[in-house]
Amino acid sequence: MSNQPKEGMLSAKRLLGLSMVLLLLAIGIGIGTLISDRVDATGPGDSQLQMQTEKKPVAGGALLALSQAFEEVATRIEPAVVNINTEELITRRRMMPDQDPDDPMFDFFRRFGFGDPLWQIPEQQLRTSLGSGVIVDPKGYIITNNHVVEGATKIKVSVPGGEEYTARVIGADAVSDIAVIKITGKKDFSYAKIGNSRNMKVGDWVIAVGSPFGLEQTVTAGIVSAIGRTFTEQREGPSRYSVFNDYLQTDAAINRGNSGGPLVNMNAEVVGINSFISTSTGSNAGVGFAVPSHIFVKVYNQILQTGKVARGWLGVNMNSHQFTKAMADFFGVKQGSGVLITQLSDESGEPSETTPAAKAGIKPEDVIVAYNGQKITGVQDLRWAVADTPPGQKVKIKAVRYGQEKEFEVTIGERKFDDQDKRRYSFEDKEEKAKPEMGLEIDNVPAWLAQSLDVSGGAYVTSVKPGSLADEAGFSGPVQDRTSNIRSDDIIVAANGKPVQSARDLYNFINNLKSGDAIVLKFLRVSRSLSGNQMLVAPNFTSIIKP
């Protein structure tokens, strides 16, 4: 009897243990079944993604307000930003391979200056480039960079919405790298407002809009990294004229094709024209420079008034080294700063006693400390002050001559630059267009090619003039790509639906049309390997308006 309680307790413990084991087993089976069901659940309701409809942003407050501000600025400025495509017809000398001295043409080319043993023959090529611009007047006046349109024989402007216009140059200034071009439309254009770059501060948000790599209406954001950025030596900056300008520096992404586009403040006002970047790769490195509005507004206004930009000239050489305290003491300059004149010289740098400064009595070793009431502390101060003065205007210049202050009245001259007055600009409202040329030379299809293609005839394109109507229509003439070992030829087989059997057929057909008539041409583009074992024939259609 004494062992019964112990045995009962033991049975109870065993029962409890067994129950716990069964419970754990049941839980494990349940979890496994749930996981298995989930893994095997491949129904449409579980596998398809759905976009959320909740409009409440995760981030709010100042961050949301900034995002909305960028959106608003971009919406306001984009209608005024244009894409600019230019064409320039250039002449280069093409090197010919070595020739046999016994060849009768060898002596001919050598005698007429083409070189020996490599001949150099002139060859016309069409060079194209991309840029941006901003419309600043509803009549179609556009500000862009001078380097975007310089030398162009044709300027095409695409506005938001897809319309394309032929632009003409109103005027250009290589010194500031600013150009003004104009397009003419049937109605007023959307235009941008101009802000004051003098009000910009380091850290202010800005956006850059343009066509980097030809991608139109691209918006990037950043801050003003520096204001009044200067290049004090002529070997620095984008050109030797950079010493006459100061720039807004920004880290907003700027790449090739952004040139001429606007840099915009958060009021959607243009405060700069994006001009160049500092980079070792050719792409954005976060160091971009824009011509500030306090410069481009003056340039724009002068161009519209006179067709050119005139800058003042004093006729002095300035000491480029730091004006130290020791130098200030030596020359008796109490204010401690100024510009030391080292020489009176003409624009070529040669000594001269006929410059505006010399005529007024300024001498070498004078230290200029004020210009028309403006304090002068360094070379850039004087350089900008003189350049901004209209030629012919009289100014008061204060200088220190070994401790004695002197004041001079100087009639400012006009600075001449190497590339000024090289181009004539028109103020006529009509668009100026060069007389269009067909630019197409044709011949009968070579017999061997006609046999290879199994065609009865056609007009074989032997030459296409760069920039001509035929070039714009897409004809290329015989083209040989040595890299891919492929040669391409064009054969015109129909004109306005009528078969073309020979070059004479096409010539007569076009010759009988009136100027302004449209010609729809069907042609075969034949691509073949130089080895001749592969050939691809693709039919194409294009059109030309007879000039």
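This is a predicted model: local features need pLDDT of at least 70, side-chain atom pairs count only at pLDDT 80 or more; totals for chains, interfaces and linings use all residues.
Strand β18 is joined by two bridges to strand β19 (residues 374-375), and these two strands run antiparallel.

**The β18–β19 hairpin**
- Within this pairing, alanine 370 has lysine 375 of β19 as its bridge partner.
- Two residues lie between the strands of the β18 and β19 hairpin, where asparagine 372 adopts a positive phi near 50°.

**Other partners of β18**
- Strand β17 (residues 339-344) pairs with β18 in the antiparallel sense over two bridges, and leucine 340 has valine 367 in β18 as its bridge partner.
- The pairing of β18 with strand β20 (residues 394-401) is also antiparallel and extends over four bridges, with isoleucine 368 standing opposite alanine 399 in β20.

**Burial of β18**
- Strand β18, which spans residues 367-371, is mostly covered, since five of its five residues are buried.

**Arginine 311**
- Arginine 311 has a relative accessible area of 7%, and it therefore counts as buried, the cut-off being under 20%.
- The side chain of arginine 311 is joined to that of aspartate 173 by a polar contact of 2.7 Å.
- When neighbours within four places in sequence are left aside, the residues in contact with arginine 311 include Asp173, Val175 and Ser176, together with Val299, Ala387, Thr389 and Pro391.
- Also among the contacts of arginine 311, with those neighbours again left aside, are Gly413, Glu414, Arg415 and Phe417.

Terms used
Residues are numbered from 1 along each chain as its sequence is written. Side-chain values use heavy atoms; hydrogens and water are left out. Buried means under 20% relative accessible area, exposed over 50%, partly exposed in between (1.4 Å probe, protein chains only). Two strands pair if DSSP finds at least two bridges between them. A polar contact is a pair of N or O atoms within 3.5 Å; within protein, one must be able to donate a hydrogen and the other to accept it, and residues adjacent in sequence count only if both atoms are side-chain atoms. Contact means heavy atoms within 4.5 Å.
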